[in-house]
Amino acid sequence: MSAQLQENRDSVVLYGRRWSRENAGLSRTFDILVVIIMFIAITAAFHLHFQLTVGDWDFWVDWKDRQYWVTATPILLMAFPAALQYVFWEKFRLPIAATVCMLGLTLGIWITRYSGFHTWSYFPFSMVWPATMIAGGLILDAVLLLSGSALITAIIGGMSFGLLFYPANWPLLAPFRLPMEAMNSLVSVGDYIGYAYTRTSTPEYLRFIERGTLRTFGGHSAVVSAFFSGFVCILVYLLWWYIGMAFARVATLPNRMKSFMGLHDRGAEGKDA
Amino acid sequence: MRPSRRVSGLLLGLLALIAASEVAAHGERNQEPFLRMRTAHFYDVTWSTDKVKVNEDVVIEGKFRLFEDWPANLPEPDVAFLGNGTPGPVFVRTESWLNGQPAIQSVPLKIDRDYAFKTVLKGRIPGDHHVHPMVNVEGAGPLMGPGSWVQVAGRASDFVLPLTTLDGTKIDNLETWGVSSVVGWHSVWIVIAILWLVWWTRRPLLIPRLVAIDEGREKLLISRADLAAGAVLIVLTVSVVVIGFVWAENTFPRTIPLQGGRAVVKPLPRTEAPVDVTVERATYDVPGRSMQIRASVTNHGGRPIQFGEFATSGLRFVNRELPAAMATVSATYPKELVPPAGLKLSDSAPLAPGETRSILFDMTDAAWETERLTSLLNDPDNRVGGLLFCFDDQGGRIIANVSGPIVPIFKDLVAHQGMTH
């Protein structure tokens, strides 16, 4: 039996405090209910955020480029994990917020890609597969656990979050970057999929993709993009950590409206007394 | 209303929803008339067939002219893409050509110039599909050509799109290419994430931990085993990323980035139109569904000409008294876009070389309403535009631009005012 959990017939010690078995059981039931509700809520909210911000870059195989997709996706994804890490860590010492976010997001994306894009709209799954973001979430949680510091998590975890995104997705993406010839032109397999399967109101020029090259580092624009993304992730992590802190605080304001309406504010009276 | 009737009504409504046929159109009539009348005018459009099986081709060919009187509120077509107006990917586009050049990339186009296009579509999803040629212009959106129904028969599961890449990789079916790899790697990460969550959620979570922190016992919440698990997680995560990257590099050593360049396509050679059309007055009789354009027409050419067709927004008002004009209407052209009354002229005598004459062109048909072109009367830019096809006595065709302001005629209002006076 670990030091965290010690049991006898009538009671159980949880993290240094003795709980009756009934209370411990109720607490566990509460855990289960809240975990289910929170997972669904985080999945829905984070998925909506993802759809509205990352959007097309992740929807389509011919938008997953070396520049904007690599740069924008981690930065935009950082919001929920950072804010929730504050709550999960500061209130419960649970280093799982980023993983929960990414797992929920993965579940939500797979549901919409399969049902909305593939089944409903006829796009082949080879065109609309989602990127994986779980590696970054795992690193964020692990660094927070080991360091116990938001600043170190921002610097090491945030940078890793940006850096790992592209290599973690390369095994998924590489088959779609094979070169092929179509109508006497060189294109990648991903380009051709995007061309062949018509998105009526999304013509080729709407793609927000790399159309030149970042001319440093021998044209390896994904590397430059990943480092830039990681750097911005550091800042975004801290921003959202403090936003999480602000939203986790309970604040009250004196009710002036009653006095404007000629009513007594009993709370204010009591305070004065 | 009795409850049983309410229930019956509700059931009836639900049945109507279930029985409702699939929505097949895709909003082409909802585009503003100024977009359809004064941007891309498609002509000579043909569909190779109106019925294909899954995996069979339908070829759409024709030409379009980017109209001289291009709306001032639209950007010029500096970036454009030859698309196809279909209900999503019910067909697969295997080829598209602009003036013989590949149209896989976006191109700049020129106003008042003509382009020949060809698109090859392969049947994929069974059903009756409305198929349009289309040009997308950045800032102006999709500009649709005429649409024709094409039936795709067979089973969707029979569709395949095989190809071979430049490194010799044979792809049996692009529909499923790479999907197993995507599913596999996602599964790996999902399993690791679930293991990490189970590690933490197997013990009391919320209230006991919150209480422990409030009472200053937070050190009991993280054990040495937890820290070790965190360290293992970092090593495992980085290792899996590296292994995956190396595997991909070894499996697919020759890859290229997305190709986002712009192509260049020269327009068709300019053919000087020796016919000059100046609109004197154009009216639309609202209750009569009749458009009348009085125009001064000058024949600068060397041969007498006759007027065979006025075309706008895919509608073709053809002069049925002119055999040369009727011969241009192919059997596959959608009949609902060729109004039966056609084009009527106030004076159908040939226009002699050098002659200028004022002619009234009458196009009357309910198609103005069904195609929702009469809503141009609500547009802030109230001008009509179209192409006038003229034929000389040797069968030669001349295409002239026609554009000018249009005035609505509300006859019911005129009649009402007459009665009050």
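**Reading the model term by term**

Mentor: Gladly! Let us start with a sheet in chain B: eight strands form an open sheet of mixed pairing, in the order S16-S15-S19-S20-S13-S14-S18-S17. This is a predicted model, in which local features need pLDDT of at least 70, side-chain atom pairs count only at pLDDT 80 or more, and totals for chains, interfaces and linings use all residues. Residues are numbered from 1 along each chain as its sequence is written, while chains are lettered from A and ligands numbered from 1 in the order in which they are written.

Trainee: What makes strand S16 (315-318) and strand S17 (343-345) of chain B the edge strands?

Mentor: Each of them pairs on one side only. Strands here are DSSP runs of E with at least two residues, helices are runs of H or I with at least four, and both are numbered from the N terminus.

Trainee: How do you know that strand S14 (residues 290-299) and strand S18 (residues 356-364) of chain B are joined?

Mentor: Two strands pair if DSSP finds at least two bridges between them. S14(B) and S18(B) have nine bridges and run antiparallel, so they meet that definition.

Trainee: Which strands make up the open sheet of five strands in chain B?

Mentor: Its order is S1-S3-S7-S5-S6, with antiparallel pairing. Strand S1 (40-47) and strand S6 (101-102) of chain B are at the edges with a single partner strand each, so one side of each has no neighbour in the sheet. S1(B) pairs with strand S3 (residues 57-66) of chain B over six bridges, and Thr46(B) has Glu61(B) as its bridge partner in S3(B).

Trainee: Why are H7(A) and H5(B) called roughly antiparallel?

Mentor: Helix H7 (residues 134-147) of chain A packs against helix H5 (residues 224-251) of chain B at about 150 degrees, with axes 9 Å apart. Axes are lines fitted to C-alpha atoms, for helices over the stretch in contact, and angles run from 0 to 180 degrees between N-to-C directions. Angles under 35 degrees count as roughly parallel, over 145 as roughly antiparallel, 65 to 115 as roughly perpendicular and the rest as oblique. H7(A) and H5(B) are therefore roughly antiparallel.

Trainee: What makes H3(A) roughly parallel to H10(A)?

Mentor: The axes of helix H3 (residues 68-77) and helix H10 (residues 221-247) of chain A cross at roughly 20 degrees and come within 8 Å. That angle makes H3(A) roughly parallel to H10(A).

Trainee: How many residues of chain A are in contact with chain B?

Mentor: 82 residues of chain A are in contact with 85 residues of chain B, where contact means that C-beta atoms, placed from the backbone, lie within 7 Å. H7(A) gives the most to chain A's side, with seven residues.

Key:
Two residues are in contact if their C-beta atoms, placed from the backbone, lie within 7 Å.
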